[in-house]
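Me: Please take me through the model displayed below, from its overall make-up to individual residues.

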Amino acid sequence: MKVGIIIVCYNNELDIDIKECTKHLKEIKDVVFCFVNNNSQDNTYDALKEINTACKNVSVINISKKKSDTAAVRAGARFMTNQFNLKHLGFVTSNKIIKYGSLSVLIKEIRNNQFDISSINPYKENDKGVKLTFFQSLFPILEHLEKQLVNN
């Protein structure tokens, strides 16, 4: 079973180095990606399609009307659960891409921590002891990695 990562993009054309992203994505094993283009007004969708063509572990969906990051993640989650048998599913929102400076730096960070990401167990219980469903247990990949770095 693979891990799925949804990355929401919105007007990130200048943050996408197609060659670097492709290089890092090809080095990632047991992780499938879904890039969600959230109605970008630039050429983000075209850049994501180029990456999709070059990488087997990448899917791209296009949202034609801008939605909240939560709705875009939900669209990606529906797509991923219909297409793949996943162990668990995480996400990265467009503001995190900007925080890292570029999509290729973000993907490189994911590549460098792919073992940690694969070993995440997001199926925790909530405060009342009720086990979360697959969709309820979607987790922010980078926040988890940042916490793990602090604990180590």
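Me: How many helices and strands are there in the chain?

Reply: This is a predicted model, in which local features need pLDDT of at least 70, side-chain atom pairs count only at pLDDT 80 or more, and totals for chains, interfaces and linings use all residues. Residues are numbered from 1 along each chain as its sequence is written, and side-chain values use heavy atoms, with hydrogens and water left out. Helices (H or I, at least four residues) and strands (E, at least two) are DSSP runs numbered from the N terminus. From the N terminus on, the elements run β-α-β-α-β-α-β-α-α-α-β-α. The chain holds seven helices and five strands.

Me: What percentage of the residues of the chain count as buried?

Reply: Buried means under 20% relative accessible area, exposed over 50%, and partly exposed in between (1.4 Å probe, protein chains only). The chain has 152 residues, and the share that counts as buried is 45%.

Me: Is Val8 buried or exposed?

Reply: Val8 is found in strand E1, residues 2–9. Contact means heavy atoms within 4.5 Å; not counting residues up to four places away in sequence, Val8 touches Val36, Asn38, Asp69, Ala72, Val73, Val92, Thr93, Ser94 and Ile97. Because its relative accessibility is 0%, Val8 counts as buried.

Me: How many Å apart in space are Val8 and Val92, C-alpha to C-alpha?

Reply: In sequence, Val8 and Val92 are 84 residues apart. Val92 is also among the residues that Val8 touches. From C-alpha to C-alpha, the distance in space is 6.3 Å.

Me: Why does Ser94 count as buried?

Reply: Ser94 lies in helix H4, residues 94–100. Leaving aside residues up to four places away in sequence, Ser94 touches Val8, Cys9, Tyr10, Asn12 and Asp69. Ser94 counts as buried because its relative accessibility is 12%.

Me: Which residues gather in a patch of positive charge on the surface?

Reply: Lys67, in the loop between strand E3 (58–63) and helix H3 (69–83), is partly exposed at 39%. Arg74, in helix H3, is partly exposed at 45%. The residues that gather in the patch are Lys65, Lys67, Arg74 and Arg78.

Conventions. Patches are made of residues with over 30% relative accessible area and no salt bridge: like charges are joined within 9 Å, nonpolar side chains (Val, Leu, Ile, Met, Phe, Trp, Tyr) within 5 Å. Accessible areas come from the Shrake-Rupley method with a 1.4 Å probe; for residues, only the protein chains shown count as cover. A salt bridge is a side-chain nitrogen of Lys or Arg within 4 Å of a carboxyl oxygen of Asp or Glu. Lys and Arg count as positive and Asp and Glu as negative; His and the chain ends are not counted. The place of a charge is taken as NZ of Lys, CZ of Arg, CG of Asp or CD of Glu.
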